[in-house]
Amino acid sequence: MSAPKTLVASDLDRTLIYSSAALALTMPDARAPRLLCVEVHESKPLSYMTETAAALLTELGDTAVFVPTTTRTRKQYQRINLPGPAPKYAICANGGHLLVDGVSDPDWHASVTARLASECAPLAEVREHLEATADPAWVRKHRVAEDLFAYMVVERELLPEEWVKELAVWAENRGWTVSLQGRKIYAVPKPLTKSAATRELARRTGATLTLAAGDSLLDADLLLAADRGWRPGHGELAEADWTAPAITALVERGVAAGERILREFVNACDGQASA
C-alpha cells in the first residue's frame, strides 16, 4: 500500500505570514521571537514569520503537499519567498488561478470564469457600485484583481460600519460576498472559492487527508472543506466567534498564531504517518 498523503491548504496573510502592523508582538521586547522576512515589496520588507515557524514550514514541506492558498493575485503571490521546498501547487485570486510549478492551469481558469459568467452579476456592475457609493474621504485605492474581483484600500478608522453592512446586502443579492480584512474591503463572486480549487488538488494528488487554516470570511469555505482546520485568535472569523465541528479556534494572535498553526499541521501529519 502507498503511504497516506496529506494536503495542507493554508491562507497566507494574517494566517502564516504577517505585516509589521499585524505581528501583535505583545510580549516584552527582550522576549520577542526572532523574525524572518519572507516578502519584499518596492525594496522594503513587508511580511514576516518567526524563525521557528520557518523551520516548521520546511519540515511540513518535506512530509505533505503544502499549497499556499491566497486571495492575492499571481503577481502579489510571487513576491513571497517562503522557506522550505518550493510548492508545486498554489491557489491564487481566491481560487481563480490554480498554479502548477508557477504557471496557471488554463483549463481550471476557464472553468472558473465560465461559472462566474453564468451565476453572478458582472464585475463591471460591482466596480461601478463601489466607485459610486464609497466616499473618497476614506478610500485610498480602488483595485481589480485578475479581472475576477474588486477590492478597495481604505482608512479603517474612517470607514463607516453601516456602509460595509449595506454593501454586503447589496452584493449578496447579486451573487457576491464582502470581506473586510485589515485595510482592505473585498467584493468577491460567491462561486470563486478556495475550497473548489483545494478539492481539485486533493483529487489530483490523491490526498487522503486535507488540513487547512485561515482567518477571514473568505477562508470559511476552505476550512469547512478540510478534514481538520484551524483559525487564529484574530481576524474576521475570530471576531464573529465562527467555528465548526472540525475547526480548532486558537487563542494565539498575530505571528504567534502562524507558528502555532504550522506546529498543528506538522503534528497532524506526523499522526497521519504513524496511523
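# Sheets, helices and loop residues in a predicted model

T73 lies in the loop between β5 and α2 (74-77); helices (H or I, at least four residues) and strands (E, at least two) are DSSP runs, numbered from the N terminus. This is a predicted model, in which local features need pLDDT of at least 70 and side-chain atom pairs count only at pLDDT 80 or more, while totals for chains, interfaces and linings use all residues. Residues are numbered from 1 along each chain as its sequence is written, and side-chain values use heavy atoms, with hydrogens and water left out.

**Residue T73**

- T73 counts as buried, at 12% relative accessibility; buried means under 20% relative accessible area, exposed over 50%, and partly exposed in between (1.4 Å probe, protein chains only).
- Leaving aside residues up to four places away in sequence, T73 touches C92, A145 and E146, where contact means heavy atoms within 4.5 Å.

**Parallel sheet**

- Five strands form an open sheet in the order β5-β1-β13-β14-β15, with parallel pairing; two strands pair if DSSP finds at least two bridges between them.
- At the edges stand β5 (65-68) and β15 (247-249), each of which pairs on one side only.
- On average, neighbouring strands of this sheet are turned by 15° against each other, direction ignored; axes are lines fitted to C-alpha atoms, for helices over the stretch in contact, and angles run from 0 to 180 degrees between N-to-C directions.
- Strands β1 (residues 6-10) and β13 (residues 209-213) run parallel and are joined by five bridges.
- In this pair, L7 stands opposite T210 in β13.
- Helix α6 (residues 194-205) lies across β1, β5 and β13, and runs at about 160° to β1.

**Antiparallel sheet**

- A four-stranded open sheet has the order β9-β10-β12-β11, with antiparallel pairing.
- Its edge strands are β9 and β11, each pairing on one side only.
- From one strand to the next, the twist averages 15°.
- Six bridges connect β9 and β10 in the antiparallel sense, and A145 stands opposite F149 in β10.
- Helix α5 lies across β10, β11 and β12, at about 155° to β11.

**Helix α4**

- Helix α4 (residues 123-133) has L123, V126, H129 and L130 as its buried residues.
- These residues lie on the same side of α4 because they cover an arc of only 130° around the axis; the arc is that of the directions from the helix axis to the C-beta atoms.
- An α-helix has 3.6 residues a turn, so residues three or four places apart point the same way.
- A124, E128 and A132 are exposed on the other side of α4.
- The buried residues of α4 pack against β9 (139-145), β10 (149-154), α5 (161-172), β11 (176-181) and β12 (184-189).

**Loop residues with positive phi**

- Most residues other than glycine have a negative phi.
- A24 has a positive phi, near 55°, and lies in the loop between β2 (18-19) and β3 (35-41).
- A24 counts as partly exposed, at 34% relative accessibility.
- N94 also has a positive phi, near 60°, and lies in the loop between β6 (89-92) and β7 (97-100).
- N94 is buried, with a relative accessible area of 2%.
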